[in-house]
There are 2 protein chains.
Amino acid sequence: MSAPPAHRLLARLRHFTVFSPEERNAINTACGGSALVARQRRDLIREGDRPRGVPLILEGWAFRYKTLEDGRRQIIALHLPGDLCDIHGSILRKMDHSIGALTQVRYVELTRDQIDDLAALGPRVHQALWWDSLTTAAIQREWTVNLGQRDALERLSHLFCELIFRLRAVGMIDGLRCEIPLTQTDLAEATGMTPVHVNRMVQELRSRQLIRWKGREFEALDLDGLCDVAMFNPAYLHLDHEGRHLDALG
Amino acid sequence: MSAPPAHRLLARLRHFTVFSPEERNAINTACGGSALVARQRRDLIREGDRPRGVPLILEGWAFRYKTLEDGRRQIIALHLPGDLCDIHGSILRKMDHSIGALTQVRYVELTRDQIDDLAALGPRVHQALWWDSLTTAAIQREWTVNLGQRDALERLSHLFCELIFRLRAVGMIDGLRCEIPLTQTDLAEATGMTPVHVNRMVQELRSRQLIRWKGREFEALDLDGLCDVAMFNPAYLHLDHEGRHLDALG
DNA sequence: CGTTTCCTTGACTTAACTCAAGAGGAGTGG
DNA sequence: CCACTCCTCTTGAGTTAAGTCAAGGAAACG
């Protein structure tokens with residue numbers, strides 16, 4: 001038997017609050033609908049489409065992106081298992097960007113009603129969903145800072161640091177090792193540089209003994225060092241049990 | 001007598017839905033608390049602070065920013081009159097960035113309860129508040145694209161285009177003329193370039209007869225041309241009466 | 001007025017891009 | 001099993017967009 005559907009989501013939300021077993025069950029039930037699969041490099045939803053439900057990533061990595069008229073493409077966000085993509089976006093009539101699958105992605109689409117029902121479970125769940133979308137927004141802001149102020153090496157290091165912390169939050173890291181199913185071209189589109197330059201920066205991080213990365217196998221050899229290079233401050237991820245004050249269980 | 005407090009906010013929300021007179025009154029009442037004033041170049045709230053209420057800008061321009069350890073600073077967002085800053089941010093314990101006043105800013109701080117009361121007025125208001133925070137997120141995404149993919153001239157043009165559309169949405173533009181109370185250094189911090197280079201790009205836009213800008217007086221001499229340079233597509237602002245389907249009044 | 005802030009310009013430097021070619025794997029089909 | 005393609009990564013050489021440094025001018029301010 002496999003992990004419950006909301007396994008990764010619950011792992012993440014645990015950084016904000018502590019749920020009762022009933023709440024956990026209810027969340028798992030809500031997320032237990034029939035899973036959809038997007039094949040690698042296909043879109044889950046495309047710019048211009050009318051938003052359907054809210055995708056919850058169960059397995060695999062997805063990404064949001066936007067394409068300019070002349071073909072330049074920017075990856076706006078990365079989504080890991082447990083991520084809710086755009087929790088309230090269904091209010092808008094048209095997607096202003098696309099969501100694609102980096103790897104094969106298993107996901108469920110939560111309906112508006114399902115989200116509302118979850119929120120109605122009580123203030124803990126309600127606020128946890130809020131926290132989710134607020135942290136998503138905070139990540140987006142940090143990406144803005146990253147692109148605006150950091151140089152290439154810092155930008156790349158920062159992205160690696162963020163991914164490490166986020167993967168850790170959903171229990172997908174083994175010490176400092178994890179899978180990063182991104183190509184250097186993907187990294188280029190996420191960090192606003194050319195693939196060639198990403199390659200040079202990756203070499204630089206390798207030669208400084210900060211990372212090991214071959215195929216999908218990634219390891220931070222010196223996380224503190226990597227954070228220093230990136231000037232990474234994880235506060236924006238709001239993973240530090242912010243919501244303990246809401247915790248009815250102790 | 002002066003304009004009702006939610007004047008600009010209502011002007012903006014009108015792009016999403018149409019309110020009944022009762023709803024409008026209720027919104028104005030909620031926003032009618034005693035206004036606060038932030039002096040020019042002072043902070044409304046600072047990174048690390050506990051969020052208080054949700055600032056609603058009544059007059060003046062504000063900006064969100066984040067500072068790196070070494071002093072580099074990125075302006076993450078600009079806020080015009082009628083903007084609600086971070087409508088649900090009060091759930092988080094600590095601000096991960098600061099909000100400052102570009103000009104003198106008059107604003108009110110809406111409490112969590114006031115927001116909840118507004119949302120309880122009915123689905124139109126509730127969804128309009130949602131729409132507000134979704135468009136804020138969409139703008140943040142577009143800034144990510146802007147910083148990641150566009151070159152200096154495009155970036156600057158794009159920001160001008162966005163400001164024109166947003167100012168128009170709150171009725172603060174006269175044809176193609178408006179006030180832009182930003183210094184070139186502010187623009188530099190918003191677009192991730194140096195003030196010197198902003199200056200050169202401004203000159204370039206002037207010499208192409210696309211803009212006039214002296215002091216605070218700004219005019220787009222050729223908005224289509226400016227949009228072309230920027231590859232500006234206003235869809236992300238979601239100003240096209242998306243919510244007419246929610247409109248009970250016709 | 002004098003002072004400060006903001007804008008402007010020029011000369012020089014540098015980070016990152018471009019173009020091009022080759023190497024290493026992974027998968028496919030004969 | 002080999003030959004093939006395709007994709008990703010890697011490296012080098014030359015180019016360019018943007019940054020840096022420095023100084024002067026204009027405008028706003030008190």
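## Surroundings of DNA strand D

In this predicted model, DNA strand D is surrounded by 17 residues. The closest of them are Q184(A), N199(A) and R206(A) from chain A, together with A152(B) and R200(B) from chain B. By class, the residues of this surface comprise four nonpolar, eight polar and five charged.

Three helices each supply at least two residues of the surface near DNA strand D: α6 (184-191) and α7 (195-207) of chain A, and α7 (195-207) of chain B. The largest share comes from α7(A), with five residues.

Among the atoms of DNA strand D that lie within 4 Å of the protein, 75% are part of sugar or phosphate, and the rest belong to bases.

Chain B is represented by T194(B), where a polar side-chain atom and a phosphate oxygen of DNA strand D are 3.1 Å apart.

## Extent of the interface between chains A and B

The size of an interface is often expressed as the accessible area lost when the parts come together. Between chain A and chain B, the buried area is about 4400 Å², and carbon and sulfur atoms give 60% of it. Three residues, I91(A), R141(A) and Q149(A), account for 16% of the area that chain A buries against chain B, more than any other three residues.

In terms of contacts, 45 residues of chain A meet 45 residues of chain B.

## Polar and charged pairs across the interface

Eight salt bridges are found across the interface of chain A and chain B. One salt bridge joins R72(A) to E154(B), with 3.0 Å between the closest N and O atoms.

On the side of chain A that touches chain B, the elements giving two or more residues are β4 (62-67), β5 (73-79) and α4 (123-149). Of these, α4(A) gives the most, with 14 residues. The class composition of this side of chain A is 14 nonpolar, twelve polar and 19 charged residues.

Methods:
Residues numbered from 1 in each chain as written. Chains lettered and ligands numbered in written order. Predicted model: local features only at pLDDT ≥ 70, side-chain atom pairs only at ≥ 80, totals over all residues. Heavy atoms only, no water. Contact = heavy atoms within 4.5 Å. Buried area = accessible area lost by both parts, 1.4 Å probe. Salt bridge = Lys/Arg side-chain N within 4 Å of Asp/Glu carboxyl O. Helix = DSSP H or I, 4+ residues; strand = E, 2+ residues; numbered from the N terminus. Nonpolar A, V, L, I, M, F, W, Y, C, P; charged D, E, K, R; others polar. Near = heavy atom within 4 Å. Polar contact = N/O pair within 3.5 Å; in protein donor to acceptor, adjacent residues only side chain to side chain.
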